[in-house]
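I opened a new notebook page for this model. My notes follow in the order I looked things up.

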Amino acid sequence: MSDNRRSANRRTFIKTAGAGGVVALAGCSGGGGGDGSDGSDGSDGSDGSDGSDGSDGGTSGETDDVPSAQFILNPAEADVEIEQQYQPMFEYLESEVEVEIESDRAASYTATLQAMRNEQGEIADISPSAVIAGEDILDVVGVRVAYGAARYFSTTTTTPDSGIESLSDLEGELIYMGDILSVSGTLVPLTMLQNAGLDIGNAPDGDANDFDAEYSDHTTAREQMVQRDDVMAATTGAFSSAPYVPQEQFEEMSQDFVDISAEYEGAGDEIESSGTELQLLAVSDPIPRAPLATRSSWDAPVKADIEEAILNVTEDDLSHGDDYDGEPLWFTGVQEGSIEDYAPIRDVLDQLGLEFEDLS
């Protein structure tokens with residue numbers, strides 16, 4: 001029945017962010033007042049209102065005629081303090097451009113897009129699927145690069161004692177997936193399950209016919225599979241799974257992963273220390289990494305300067321100091337990009353029969 005529905009019409013995928021949407025946090029001011037006003041014009045008073053900067057900044061307030069920009073952060077993993085992760089980026093932008101960067105952590109991938117659509121943000125760390133959904137309101141600045149790689153991979157893993165040896169063995173089982181908008185955690189894995197002969201029904205915005213699915217973030221999906229006897233597999237980005245998968249399994253399954261993935265070198269590194277080993281069931285084709293985007297309707301002189309600075313950021317700019325003990329930023333640079341870079345994501349949505357035009 002769902003097959004007829006899929007072939008006749010592409011479904012409209014509607015997912016609300018839920019109460020709260022974007023969780024407002026205190027603005028991250030980077031280097032504070034000193035760094036933000038070091039520029040040659042200064043903020044000494046009477047001269048500051050004659051011209052070029054104006055007051056066309058972001059949606060937030062401004063301090064001493066310095067425009068502000070709201071940076072919406074897209075949560076991929078529950079156990080990462082993403083505001084702290086991004087602090088070097090905020091400080092870099094404030095050092096390169098006369099701007100005050102403030103940040104909000106979105107409640108979900110969907111909420112990130114909604115924040116931009118509702119003009120609650122000017123810059124976004126956004127997922128590849130959301131940039132397709134929001135192509136009418138977003139400008140892709142660039143594709144993020146991790147250690148030389150602008151593409152990444154989705155994986156499906158199980159535990160070594162599960163008895164599951166292939167994707168087709170997951171018929172009738174419970175699979176834990178990422179956020180329903182996650183390309184590597186949900187959308188690409190659904191196409192791989194479909195290609196393996198499983199009926200995915202109306203997933204992810206409805207029930208699959210040949211398996212059950214639960215959705216969260218990458219870390220939760222992996223951990224739930226390990227902790228719960230009823231979860232037979234997890235679908236996550238390789239950045240979450242690879243440290244727990246022996247390197248030789250990737251070598252046997254995907255030469256592309258060996259050649260391209262930034263995660264290949266560290267595959268299996270956490271097995272001994274964590275006591276957790278995962279069994280690899282599938283690896284996707286290469287996926288374009290998530291972009292950084294700005295809001296198309298943001299009309300301020302500082303926008304072009306910020307976009308240029310983003311494209312010029314280096315690995316050193318994105319690095320934390322020696323006293324930082326949290327998760328580092330996962331990307332090391334930004335490669336100029338456009339919506340055309342995400343054509344493979346559009347193909348995934350087409351295969352799944354999903355449309356996001358009513359997502360707002």
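Which residue caps the N-terminal end of α8? I found aspartate 217 there, with a side-chain oxygen 3.1 Å from the backbone nitrogen of threonine 219. I keep in mind that this is a predicted model.

**Helix α8.** I stayed with this helix, which covers residues 218-227. Its buried residues are His218, Thr219, Ala221, Arg222, Gln224 and Met225. I checked what they pack against and noted α5, β8, β9, α7, β11 and α9. Arginine 222 is buried, at a relative accessible area of 10%. I also saw that arginine 222 forms a salt bridge with glutamate 223, the closest N and O atoms being 3.9 Å apart. Glutamate 223 is partly exposed, at 34%.

**Whole chain.** I stepped back for an overview. The chain holds 14 helices and 16 strands. Of its 360 residues, 53% count as buried. I looked at contacts between residues at least 6 apart in sequence, and 78% of them join residues at least 24 apart. The accessible surface comes to about 15700 Å², and carbon and sulfur atoms account for 39% of that.

**Strands β3 and β4.** I found these two running parallel, joined by six bridges. In one of the pairings, phenylalanine 71 has serine 103 of β4 as its bridge partner. Six of the seven residues of β4 are buried, so the strand is largely enclosed by the rest of the structure.

**Glutamate 122.** I located this residue in the loop between α5 and β5. Is glutamate 122 buried or exposed? I read a relative accessible area of 0%, so glutamate 122 is buried. A polar atom of the glutamate 122 side chain lies 2.7 Å from the backbone nitrogen of glutamine 70. I noted a polar contact of 2.9 Å between the side chains of glutamate 122 and arginine 295.

**Glutamate 119.** This residue sits in the loop between α5 and β5. I recorded a positive phi of about 60°, although glutamate 119 is not a glycine. Most residues other than glycine have a negative phi, and most peptide bonds are trans. I then turned to a peptide bond that is cis, from alanine 203 to proline 204, with omega near 10°. Proline 204 lies in the loop between α7 and β10.

**Salt bridges.** How many salt bridges does a search of the whole structure find? I have nine. One of them joins arginine 346 and glutamate 135, with the closest N and O atoms 3.1 Å apart. Arginine 346 is in helix α14 and glutamate 135 in the loop between α6 and β6, so the pair ties together parts 211 residues apart in sequence. I listed arginine 346 as partly exposed at 32%, and glutamate 135 likewise as partly exposed at 38%.

Aspartate 139 forms a salt bridge with lysine 303, at 2.8 Å between the closest N and O atoms. Aspartate 139 lies in strand β6 and lysine 303 in helix α13, so this pair links parts 164 residues apart in sequence.

**Glutamate 307.** I ended in helix α13, where glutamate 307 has its place. Glutamate 307 is buried yet has no salt bridge. Lysine 303 is the nearest side chain of opposite charge, 4.2 Å away. I noted that glutamate 307 touches Val141 and Thr294, leaving aside residues up to four places away in sequence.

Methods. Residues numbered from 1 in each chain as written. Predicted model: local features only at pLDDT ≥ 70, side-chain atom pairs only at ≥ 80, totals over all residues. Heavy atoms only, no water. Helix = DSSP H or I, 4+ residues; strand = E, 2+ residues; numbered from the N terminus. Buried < 20%, exposed > 50% of the residue type's maximum accessible area, 1.4 Å probe, protein only. Lys, Arg positive; Asp, Glu negative; His and termini not counted. Salt bridge = Lys/Arg side-chain N within 4 Å of Asp/Glu carboxyl O. Contact = heavy atoms within 4.5 Å. Pairing = 2+ DSSP bridges. Areas by Shrake-Rupley, 256 points an atom, 1.4 Å probe, with all protein chains shown as cover. Polar contact = N/O pair within 3.5 Å; in protein donor to acceptor, adjacent residues only side chain to side chain.
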